[in-house]
Each structure stands twice: as C-alpha cells, then as structure tokens.
Amino acid sequence: MRVKGIWSVPGKEDVKMSGTFRNRCAVALWVGALFCCSISVQVRAETADEPLRREKARGVVTGIVVEKGSGERLAALRPDRRFALTSTFKAPLCARVWEEGWGVRKGRVALGGTVDYAPDFSQRRPDDSVTLDEACRATLRTSDNRAANFVLRLTGGPEALTAWLRSRGDDVTRLDRFEPDLNRWHPDDPRDTTTPAAAAALWRTLDGTLRPEARERWLEALEANETAPHLLRAEPALKHWRIADRTGAGRGTRAYHARVESPSGEVYFVAIHLVVRAADAGLREKDAVLKERLAEVAALLVRDEKKSFSREATK
C-alpha cells in the first residue's frame, strides 16, 4: 500500500544515524538498491524519496509502524531500528501492574524520589500512602515521573519489567534505568530502547492477552491521557474514533504509541519515533514533525477502515 510520506517495504532498516546523519551516500545507495532489486512491493521513486528529502531538510530520522489488529502491516519506515523509549515505557509498566493484580499494593510517595515533572506526586506529602493503582493512573494521565519511579520501585525495577516483556513475547524492548536517566539516550546505546515494530506488536499483544479487567483499566487510563490532545486526537477525520495513547520525549527524541479503534470496530496500532539532529530542539519543533506524520497515519487509517467496512458490507 502506498501512502504519501510513508512507504512499506520488505526487509529491515534503511538508513542508520549516529548523532548526526552518516554518509549521505548510504542514503543514495539504499534508495538505488531499492529500485534496482526485484521486490514484491512497487514504490514509485518520487514517493520513496519524499520522506528522505524531508528528513534531510529538517535533520530528522523517523521510525514508523502501523498495523491492524490482525497483525497486517499497513505502513513501515525503519521498523527495526532502535529508538529511545522515553515515557512510552509507562504503558507496559502499568499493564503489568493490573495484569498481576498489584493495584492495591501501597507505598509512601517518597519512593518516587524528587525528580522533575511530577504534576500529581508533587502535590502530595512524602509520607502519604498511595496505591499502585493510583500511581499508575497518575503516570498514564499526566506522565508523572515520580509516580512512574514509585511504580518501578514497588514492582522490582527496570530489570523486572524487561523480564516481564520477554514473558509476553517482546524480545526487543528493554528498560534499564529510572526517570529521568532513561531519557539520556545516544543512538549507539541500546539501553532503554525499543523499535517501532516491537512497540506496535507489544501493544497488540497486550490488547489481546491481558485479563479483561486489567485490559479495561489499562485502556481507560490510556484514553484519559492528558499529554496528547494535540496529536492524533486532534485529527478531524478521527473525531469519533477511540484513541488510547502514550507519548514520550527526551533530548532530541520524541515518541508516540497508540491503539486506535474506528466507530465500526476496526483496531489499529501505531508506533512513531523521531530523532532530531538538533539535540536542543524544543517540544514544539519535534511535535511539528510528529503531527505531519500523524496526519498521514490518520488518512491511512480512514482509507483502510472504509475498505474493511465495504468488504464486510458485501459479504
């Protein structure tokens, strides 16, 4: 399927980057090889070149995967490249809490530490007692870093979360550090990373395998997310769609993971990661690129949902 700005090809990573763009010849060689080789998916040169041209102009590297609930992949760009997890780790962190039935566990707010960005926990006293359920709702609603650290410390830490991900079939995603250190990422550092393919597959797995009660709490908390009203939820074409999402941002990075359900019941999973060459780029600058990608994704989802609805109507 060809989509303006996004293309899907068989195979793995296309362009590597280490801090800044590596030899531009690598881009030319890859693009040239793509069209010289015999492949099952035909992509016009101007369509495939467009995202690369835009990335070069802005100094951005993007990774994208869009999949249906069935696992069918609709679009992919650098699906197997590692990107920083940033705050997207909070979604599986709390899925684990509710799946294991740990919501009633309690601890003191002080366990969350004194890290920056804590819109919920900063309003509480250090000796206040908080349940994991409360902490997870704060974590997924506002991305509260102290609440996330609180949950990590009461559930075995980053290593325990990574081990749980392995038990759910994710052999790629890994969490190694607490907030805020996990956001200090370098392209050659595998710590605290995932790939767009692994992220989309993980969300699909969790959506399909969590216990009904755990899944309901998880999706409810993700749909209450207050960090992304200006992103996919702002797309007019998706006004009546159900969107459960989680964002993340770090130095030079931005991430967005989502479960999206159409009014007719079609389910999709989206994973987008950005690396910006200007490490000091602000959130507004990164979101300008992210929103362009999300507009393309929204158009793709609407188009596919209409096709699926038409097929069902003719049965």
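How many residues of strand S11 (residues 267-276) are buried?

Reply: The model is predicted, so local features need pLDDT of at least 70 and side-chain atom pairs count only at pLDDT 80 or more, while totals for chains, interfaces and linings use all residues. Residues are numbered from 1 along each chain as its sequence is written, and side-chain values use heavy atoms, with hydrogens and water left out.

In S11, 10 of the 10 residues are buried, so the strand is largely enclosed by the rest of the structure. Strands are DSSP runs of E with at least two residues, helices are runs of H or I with at least four, and both are numbered from the N terminus. Buried means under 20% relative accessible area with a 1.4 Å probe and protein chains only; exposed is over 50%, and partly exposed lies in between.

The residues of S11 point in two directions. Val 267, Phe 269, Ala 271, His 273 and Val 275 point one way. Tyr 268, Val 270, Ile 272, Leu 274 and Val 276 point the other way, and both sets are buried.

S11 also has strand partners. Two strands pair if DSSP finds at least two bridges between them. Strand S10 (residues 253-261) pairs with S11 in the antiparallel sense, over nine bridges. Within that pairing, Val 267 in S11 has Glu 261 opposite. S10 and S11 form a hairpin with five residues between them. Gly 265, in the turn of this hairpin, has a positive phi of about 100°.

The pairing of S3 with S11 is antiparallel as well and runs over nine bridges. Here Ala 271 in S11 has Val 65 opposite.

S3 spans residues 60-68, and Thr 62 is part of it. The relative accessibility of Thr 62 is 1%, which is why this residue counts as buried. What does Thr 62 touch, leaving out residues up to four places away in sequence? Its contacts (heavy atoms within 4.5 Å) include Ile 272, His 273 and Leu 274. Thr 62 also touches Glu 55, Leu 77, Arg 78, Phe 83 and Arg 293.

To sum up, S11 pairs with S10 over nine bridges and with S3 over nine bridges. Ile 272 and Leu 274 point one way from S11, whereas His 273 points the other way, and these three residues are among the contacts of Thr 62.
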